[in-house]
Each structure stands twice: as C-alpha cells, then as structure tokens.
Amino acid sequence: MSTTSTPEYPTANQAEVVVRLRDIGKTFPGVIANHDVNIDVRKGTVHAIVGENGAGKSTLMKILYGVQKPDSGTIEIDGEQVSLSSPSDAIAHGVGMVFQHFMLADNLTVLENVVLGAEKMHGIGDKAKERIEELSAQYGLNIAPDVLVEELGVGARQRIEILKVLYRGARIIILDEPTAVLVPQEVDELFDNLRELKAEGLAVIFISHKLDEVLSVADEVTVIRRGATVTTIAGGSVSARELAELMVGSELPNPSTEVSTVTDREVLEVIDLSLPSTGGGRPLLDHISFRIRAGEILGIAGVEGNGQAELVEAIMGMRPEATGQVELNDKSIGDWSTRERRESGIGFIPEDRHRQGLLLDAPLWENRVLGHQTRKPNVRGPFIDRAGARADTERIVREYDVRTPSIDTLAGALSGGNQQKLIVGREMSSEPSVLIASHPTRGVDVGAQAAIWGHIKRARRDGLAVLLISADLDELIGLSDTIAVLLRGRLVGHFDPNDVTPQRLGSAMTGASEEESS
Amino acid sequence: MTQSRLSRIGLAFAAPVLALFAAFVVTSLVLILAGDDWIGVWGQILSWPSNRSIVNILNAGTVYYLSAVAVAIGFRMNLFNIGVDGQYRIASFAAAWVAGEAWLPGYFNVVLAVLAGMFVGAMWAGIAGLLRVTRGVSEVISTIMLNAIATAVVAYLLRKVAVSEPGSNIISTKPVPESSRVPGIPMFGGEVYGFIVVAAIVGIGYWVLINRTRFGFDLRAAGSSESAAVSSGINVKKMILTTMLLSGAVAGLVGMPLLFGQDYAYGSTFQAGLGFTGIAVALLGRNHPAGIALGAILFAYLDEQSNPLQILLDVSPDIVKVTQGVIVLSVVIAYEVVRRYSVRLEQRQVAAALDAEVRPKEVAK
C-alpha cells in the first residue's frame, strides 16, 4: 500500500518546507523497519506523526535527531541536504527534541537545568537568566528560572524541556508522545504553548497515537503504518475514526464490555491497606479499601506515580511493610508470601513485562513456567516437567495467537504484543479467581490489544474478578464495571463508566475535583 | 525448531574457539617481542603429553573442576563468590583436623571429614550470604575480605592443633590414618585421585539441580532477572542465602582430593589459590558442567605442559599464565559478542517467520 512519492492531498498551507525527508529507510532486527518514509514539514505549523505503537515513529524521530543513521534516503533541512550523525549535529541544524521521559535533575534549579551542557551559549549567570526569561515570555511558557525543579509539576517540567530546546536555538522541535504523562487539562495548556511556538514561526513535529489530541492541534498529519508513510493530510479534513483506520489499515477494536456479569460473590477484598513511605512523609498508600466480586472488573485510574505500582505490589505480597487486610475468597492472605498468593488463585500481569513478567534470555516454554513453577503442568515433584510445560506452552501459543516460530525462541526476540499475549495466556491457564492486570495493553499493537481485551472479557464472563490498572482512559471506561481514582496514595472517587467522561476522570486524577460520585 | 537449537549449540562453541585463537595470537606476540623461541614454546605446549603428565593433568583438573563448579553455582544466580579460595582452605583445614583425630574408623572417617569440610565451607560462604541478605553488603567485597580472614584464622588454628615434624619448620595437622586414605585409580601407569569420581558426581548433580529441578529454575530465574523472580513469587533473599551455602559446600570439597589422595594432612604448604583458578575455569566453561570439565582440563594441560619450558628453552613457564589470562578475558568478550549476535539472529528469524506469515507480498522491493 505504500507509495514512493508524496501523495497529493490537500495541505494546510504552502509555507516554506523546513524539513524534507525522502525515502528514508532503516532496518532493524526484530522491529518493523522504516522504509519509503516521505515527510515535508512546513515552517510555522504543527505537524503530527501518528501511527500504532511499533509503527516506526520513534525510530524515524531518532533518525531526524541524529541518534540513528538511516540506511537509505535523504534528509533536507532548510533546503540543504544534511547528514546527522549525532544529536549535536541535529541541534546545530536547529533540530531539538523533547523526549517522553524528562531528563531533568530534580535538585537543580530551572536555570541550572537549562544551561547544563549549553554553558557556552550565554554563560551560567545573569545573561542566561535573562535569556530564559525572554524565551519564557516570548512563547508564553511561564517559567521562573530560580525555582527548584523538584517543586514543579509534570506540565511545568515539560515546558522546561521545551525551553531547553529553544535555548539551544532550535527552530524545529520534535515532541515524542508529549501528552502521555499529562492529564487532559495539562494537555490543553501544552497545546496553547504549541500554538505560540507555531505563531513565532517554529515548526513543531508532534508524535502521538492519541488521535483526538492530534486533530485538535495539528495543521498536518502524516500517518505511518508498518514503517512507511501512508499519507499526509490536513488536520481539519478527517475524523479521528478515519485517521485511526488509516493507522491500522482495518476496522478498529473496541474495548467495551457487553452486559454486566457482576455477581454478588466477593472474591478480593482489601481493607485499610496502607504502605508507609520509606523516607517518612506522605504514605505511598493511605487506607485503601475496595472489594471486587466475581465477574467484576474494577478499574483504577490515576496519573502515574500516585500509588498504582505500590497497590499492585502490596496485593501481590511484594511489600512486606504494608499494613491492613487483604482477603481472597474470605481467607485473609495478608501475611502470605507472593508465591502462596499466586498459588491460591491470583493471576498477575505485571506493569513492566520486560523487567517483571519475563525472562528475556530464556525460551518461551521456560517463561511459561515462570510464576507457576510449583504447579501443574510445569512440575512433577521437585523436578520441572519439561514435557508438560512444553506441551502447555504449545497450547498457549495456539490459543492466544502468540506469533512465534517455535516455543524454543527466546522471549526477548518476540514483539511486545506477542510477549504480552504469552503472559496473558500463562496467567489465565492456572484458572485464577482474581486477575491483577497492570497496564495489560501498554505498548502493544492494536491487534494484540483487541485480543487481550477479548481474553479479559471472556474471563470476566466466566466469573473472574479483575483489578485493572491502566493509563488508557478509554480502556478503563470500556472494560471496567466500576472505576476508582487513585490520587496521592488514596482512593478519591468512584465512577460509573457508563456516564463518566475522560474529562471528569482527568479532574479527579489531578485532584481538581474532590467530589465523590457513583 | 531443532534448527534453532542446533545453531545455538554451534554458537556456544564459537566463543571459546575465538578466545583460544586470541590467546594464541597474544601469547605468540609476547614471546616474539621478548625474543623467545615462540615456535619452540608452542611445540612443547602442544606436544602430546607423557603418561605421567596425563595423570597430573587429570589430577589437577579434578581439583579445578570442583572449584569451578563451586563458583558456577553462584554465577548462575549472579552471585560472584570470589571467596571459594578462603572457603576451601578453611574447609580443608577443618576436614584435615577431623580426619586426623580419627574418631571413626576407615572410610567412615573420610565421610565425616568430608561432611565437616562441606559444612565449614558452607558456613564461611554463608557469612557473606547473610551480610548480603540482611545488610545489603556486596558478596564480592565480603568474600574477598573473608579470604583474608580465612588465611589468618587457619594460620592461628593450625598452630593450636599442629604437630611439627622434627627438624622442619613446616607444621601441619595430624596425618590422616592409613586406613582413611582414598586410594587412586590406576590409569596411564600412574594413579588418578579417587576423588575424580566424586567430582564427576558433583558435576552431574549440579547439572540436574540447575536444569531439571524447581530449585534450579528458581535459581536461574533469580539470576537472570531479580525483578521477574520477585513477581513470580521467588523469595530472592532465601535463594541468595541458599545459593551461597551450596556454593560454599562445594567449595569445601575442593581440597579433599589433595587431602585424602596426596598430602594426607593440612599444612602450611597446602596448595593455595585454587579458588581463583576456579573463577577463570567457570567463566571459560560458561557455567556448564561439561564446559567446565573441558576448561579445567585445558587449564591443567597448560600448567603441566609449560613445566619443562624453563629447562628445555629457558622460557619461564609463567608464559602460560599470560595465555590463561588472555583466554579468560577474551572468552568474556567473545561470549558477549556471540550472545548479541545470536539474539539478533533470533530476532531476525522471528521477524522473517512472521513477515512471511503476516504480509505475504505487500512490500515490493
């Protein structure tokens, strides 16, 4: 489906092209390569690049930022063909990048963070401060140079990152998934900043897979699928759904569950669960209580870092210092080990599949054993039952559609979606009564996402109780029977997914509204 | 399916072969720069050993093997037990003392002494394990320090229990009674330590434990990803302690072939430094029981074959220490290179297999 020349779609304006990518190609083992990428970014516009996870957006931006060299194709900046072999080359050509994960030193001031590594430009003293204030005023960034970064929120930190890039003289700014860490209100503020940048004649390249946001801010949108540019269209000319279908190349999956299957049998009950913080101060978890019944999905919303990881670890028995009650099927399991909890019927999809869910250097069938190494069909007495484990891995690969050449393939060689399908299959195969699912579809492709949603929905129909932690509000609203919001270690609100909007959840997540509703 | 397994085995051999070649080149360069007869040196080292030498190689290899297995048990779960050296010396001393006291007759005395040695080795390593688990002290630091302490403790205790031979300043424990000595196995016109059988059993036991049991699975999982091990329900602290105890217990066996098959006492001349050779051999053998066996034999072979260099060619036999050192260094690099290559190969195979499946001929290139 890919085209080798830029397709003639209506574009927002005909301003001068500042970045011209032609036939960019890059091959990587195991990852979808970039090929035939053609993009024109114009001065004074916000140009969004959208595509599924793994479509090749990040690789493309790394190429433009000089982190990686393309195997083929040309890059032109301001009409001049350039070869970028390092980020400093890119900066010298006026290309700056704001990464998804901030690179700021918390214990330094804004000024110190900004000048760090750019001391030669305006020194580190009053001249630098003047420049920062000037840029802050010019682009409406609202940043005071002498504040310590640790005192600032996520939105302000992101503006510092943008300021850092501007300070270094960038005229082309790449933002990699900038809204992933923001709540809806902060997103609006960011977009106001982007409009300022564009009004000043800068070009902004905006990478995202959140289509509503893209449509609200972008002048032009380039869609990438399987590493190739599919098309470039004007921001106002399509709907989110059309854009999504361009991204996926097919019909979209939908997380919504059907009729309620909630029973009145309580499976997991958490009472007054608290977790003190190691350094004193605000507890990581503060008197959390909830119950999940068979066939019910309880969704936990919250901005990352508000206690989600700690809640999961406390329920899984990985936080011995936690206080309070955890009851599984009316048995108190509060002082059980992680292994005993797993054996008694808690399935666990951890947040970070590479660090917590898999042994990347081990074959798939050994990963089938992981977490289930005391149970059939993986063991016989004190020995690992290789034949049993291998046969069951074959079954999981077949039933959960794990795309792999064989069960001897190392887990690290599979794509994220297939790794996650293996984990889901593994956790479901022990017929758990509760599933703790932490970001079950984070970073997986749309196909795998739909499959994983399908498996969770089916298990819910069969009476599984699910604790779903997710940063994807659509996923939470679509799958959950009830949504609770976790803010600074406390459950601050319960919502009915049938009548809640992402906006209202967003307010609760930031603490903007403390009102309870049900 | 079996093809990927086969290529994995092929790659496993690529690394040591590369490392041996690198060691050959570097050693030759050193010899050439020093103006020595490098062809002559290799001629001697690579000549077929005499029967007497073969016996010596097997004997030294047995000891290296036990030491390397002790180290490898730790390596499998990312624990660097640098303290095998101290553990085997203090354990050998304890075993020699028990055997010398001869509370039990004949072979019962051997069994008791060996168990005492394993126990003491385990306890000495356990100190490092306990420090790591309770206080977070790196086992690398604590085991190195415990090596020094072991030297002092053994020297002190030896003076307490020692009998000194008249007219000599060598002191040692009471000799093991004749009835408790382990006879050698006649082979190549000499005698190979009877303990070679024990070493083989330890090797097989190690393989079964690591690769076939639940405990071994937990150990390997904890070694390859602690965070994944924790969320799978493994008690990592318990595993660290158990692994250190196990490693120390095997370390306790290292001195046994020497004690019951050659020296019959622990004295100030008891062979030292075997624990460090074990680290090198475990690295070379990639913690695999068969690989370790080959590595142990290779190291013993190089040691033995270099002995006559001084007399024959006026070259210090220490030149093979250079060879051994380069082998270990380059094998670490080569394993990493091969590992990266095989991961990439694997990813490429996966991508190719799935590409063929998912998009039959979408991309025309």
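Predicted model: local features only at pLDDT ≥ 70, side-chain atom pairs only at ≥ 80, totals over all residues.
Student: What makes β21(A) and β22 (residues 490–495) of chain A paired strands?

Tutor: Set the count against the criterion. Five bridges join β21(A) to β22(A), and pairing needs at least two, so the two strands are paired. They run antiparallel, with Val485(A) standing opposite Gly493(A). The two strands also form a hairpin with two residues between them. In the turn sits Arg488(A), whose phi is positive, about 45°.

Student: How do you know that β13 (residues 297–301) of chain A pairs with β21 (residues 482–487) of chain A, and in which direction do they run?

Tutor: The same test works here: four bridges join β13(A) to β21(A), and at least two are required, so this is a pair too. These two strands run parallel. Along them, Ile300(A) stands opposite Ala484(A), and Ala301(A) stands opposite Val485(A).

Student: Why are β16 and β22 of chain A called edge strands?

Tutor: Look at the whole sheet. Six strands of chain A form an open sheet with mixed pairing, in the order β16-β19-β20-β13-β21-β22. β16 (346–349) and β22 each have a single partner strand, so one side of each is left without a neighbour in the sheet. Neighbouring strands here are turned by 20° against each other on average, direction ignored.

Student: Which helices lie across this part of chain A, and at what angles do they run?

Tutor: Helix α15 (residues 416–429) of chain A lies across β16 and β19 (434–438), running at about 175° to β16(A). Helix α18 (residues 502–510) of chain A lies across β13, β21 and β22, running at about 35° to β21(A).

Student: Which residues have the most contacts inside the largest nonpolar core?

Tutor: Ile173(A), Ile436(A) and Leu467(A) do, in a core of 246 residues. Its largest share, 14 residues, comes from helix α3 (residues 51–75) of chain B. A second, separate core has seven residues, including Leu31(B) and Val320(B). As a general point, nonpolar side chains in soluble globular proteins tend to be buried together. As for Ile436(A), its contacts beyond four places in sequence include Val312(A), Ile346(A), Phe348(A) and Leu467(A).

Student: What makes Asn78(B) buried, exposed or something in between?

Tutor: Count its neighbours. Asn78(B) has 16 C-beta neighbours inside 10 Å. Buried needs 20 or more and exposed needs 12 or fewer, so Asn78(B) falls in between, as partly exposed. It lies in the loop between α3 and α4 (84–101) of chain B, with a positive phi near 65°.

Student: What makes the bond between Lys376(A) and Pro377(A) stand out?

Tutor: It is a cis peptide bond, with omega about 0°. Pro377(A) sits in the loop between α13 (364–369) and β17 (379–380) of chain A.

Student: Finally, how many residues of the two chains are in contact with each other?

Tutor: 32 residues of chain B are in contact with 39 residues of chain A. On the chain B side, α15(B) gives the largest share, eleven residues. By class, that side has twelve nonpolar, eleven polar and nine charged residues.

Conventions:
Residues numbered from 1 in each chain as written. Chains lettered and ligands numbered in written order. Core = buried A, V, L, I, M, F, W, Y, C linked by C-beta atoms within 7 Å. Contact = placed C-beta atoms within 7 Å. Axes fitted to C-alpha atoms, helices over the stretch in contact; angles between N-to-C directions. Nonpolar A, V, L, I, M, F, W, Y, C, P; charged D, E, K, R; others polar.
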